[in-house]
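Open the model in your viewer and keep the selection tool ready. We will go stop by stop.

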Amino acid sequence: MNANESDRTPVGNADQPLAGSVALVTGASSGIGEAAALSLARLGCSVAMVARRTDRLTELSDAIGTHGAAALPLTADLSAPGQARRAVEETVRRFGRLDVVVNNAGYGARAAVEDSDLADWERMVDLNLKAVLHLSHAALPHLLRAAEDDVRGVADLVTVSSVAGRLARKNNSVYSATKHAVCSFSDALRQEVTGRGVRVGLVEPGMTTTEMTLGGESAFGMAQESWLRAEDVARSISFMITQPPHVAINEIMVRPTAQEH
Ligand code: NDP
């Protein structure tokens with residue numbers, strides 16, 4: 001066993017289907033990413049967590065440690081060049097492999113096109129689209145390698161898109177465009193690698209109570225009490241990843257029951 005292997009949660013715990021696997025979750029300092037990182041740790045993964053707020057990542061890392069799982073907080077601004085690749089490299093340096101990627105970090109700013117701040121557009125394209133492309137590219141060789149060995153016999157690349165990645169709506173054009181773009185990317189990539197054991201999936205949440213939607217009291221006529229919680233979306237992500245090796249769930253749209261569109 002080398003130093004990296006000894007850092008990982010050992011393989012073979014029957015209650016933990018992902019034991020021995022290593023996950024990297026972006027945007028893990030709050031909301032859906034935080035819930036996904038916790039859920040993957042409970043399922044047995046060692047988890048690398050990426051975001052800009054070091055204090056939040058450190059708290060989460062401590063919480064994951066209490067479940068007996070290994071955690072690696074990685075402070076990075078994923079919209080900066082080279083940061084996505086660095087996050088992947090540091091994960092593999094620490095844990096020796098990479099089995100699961102959750103591309104979750106995202107930013108949304110709503111405005112009509114004519115009223116939009118172009119800096120918001122840049123931020124959405126850089127984070128919601130370019131960071132997903134760069135991180136996926138950097139992770140792919142490691143995921144392909146992980147799919148070849150016998151820890152699970154598959155690897156998973158999950159991107160958190162949105163209902164807005166399927167349905168365009170006014171005042172949300174660029175956010176929706178970035179989410180449509182990752183949807184196309186995801187399905188094209190799926191066709192390239194699924195025959196080699198890398199499952200590529202999209203989770204498309206509807207209205208979810210997180211920091212991103214803080215201050216919004218209602219949407220689509222729905223009071224906030226009826227919106228999804230971050231844990232509801234994390235459950236969809238975990239469901240996708242814990243399927244048997246011959247089953248690939250490539251897309252889950254998960255809305256609050258009260259959300260019509
Ligand atoms: P949050 O605002 O709670 O989470 C966003 C996460 O992204 C945070 O951890 C934030 O951490 C991280 N992040 C933001 N900018 C950067 C950056 N430049 N570099 C690295 N990390 C960054 O929102 P949600 O949990 O709701 O969002 C998660 C995903 O879910 C997003 O992709 C979003 O588009 C999607 N989504 C959300 C919906 C909702 O209703 N909430 C609905 C549909 C989709 P930090 O600030 O520390 O960097």
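Start by selecting Leu78. Leu78 touches Thr26, Val50, Gln83, Ala84, Ala105, Leu127, Ala131 and Leu135, leaving aside residues up to four places away in sequence. Touching, or contact, means heavy atoms within 4.5 Å.

A word on what you are viewing. This is a predicted model, where local features need pLDDT of at least 70, side-chain atom pairs count only at pLDDT 80 or more, and totals for chains, interfaces and linings use all residues. Residues are numbered from 1 along each chain as its sequence is written, and side-chain values use heavy atoms, with hydrogens and water left out.

Together with Leu78, they have the most contacts inside the largest nonpolar core, which has 39 residues. Such a core is a set of buried Ala, Val, Leu, Ile, Met, Phe, Trp, Tyr and Cys residues joined through side-chain atoms within 4.5 Å. Buried means under 20% relative accessible area (1.4 Å probe, protein chains only).

Now select helix H5 (118–148). H5 gives the most to this core: 11 residues. Helices are DSSP runs of H or I, at least four residues, numbered from the N terminus.

Move to the ligand. Which residues come nearest? Of the 30 around it, they are Arg52, Asp77, Asn104, Tyr175 and Thr210. Around means a heavy atom within 4 Å.

Zoom in on Tyr175. A polar atom of its side chain lies 2.6 Å from an oxygen atom of the ligand. A polar contact like this is a pair of N or O atoms within 3.5 Å.

Finally, select Ser29. An N or O atom in its side chain is 2.8 Å from a ligand oxygen atom.

Notes
Polar contact = N/O pair within 3.5 Å; in protein donor to acceptor, adjacent residues only side chain to side chain. Buried < 20%, exposed > 50% of the residue type's maximum accessible area, 1.4 Å probe, protein only. Helix = DSSP H or I, 4+ residues; strand = E, 2+ residues; numbered from the N terminus.
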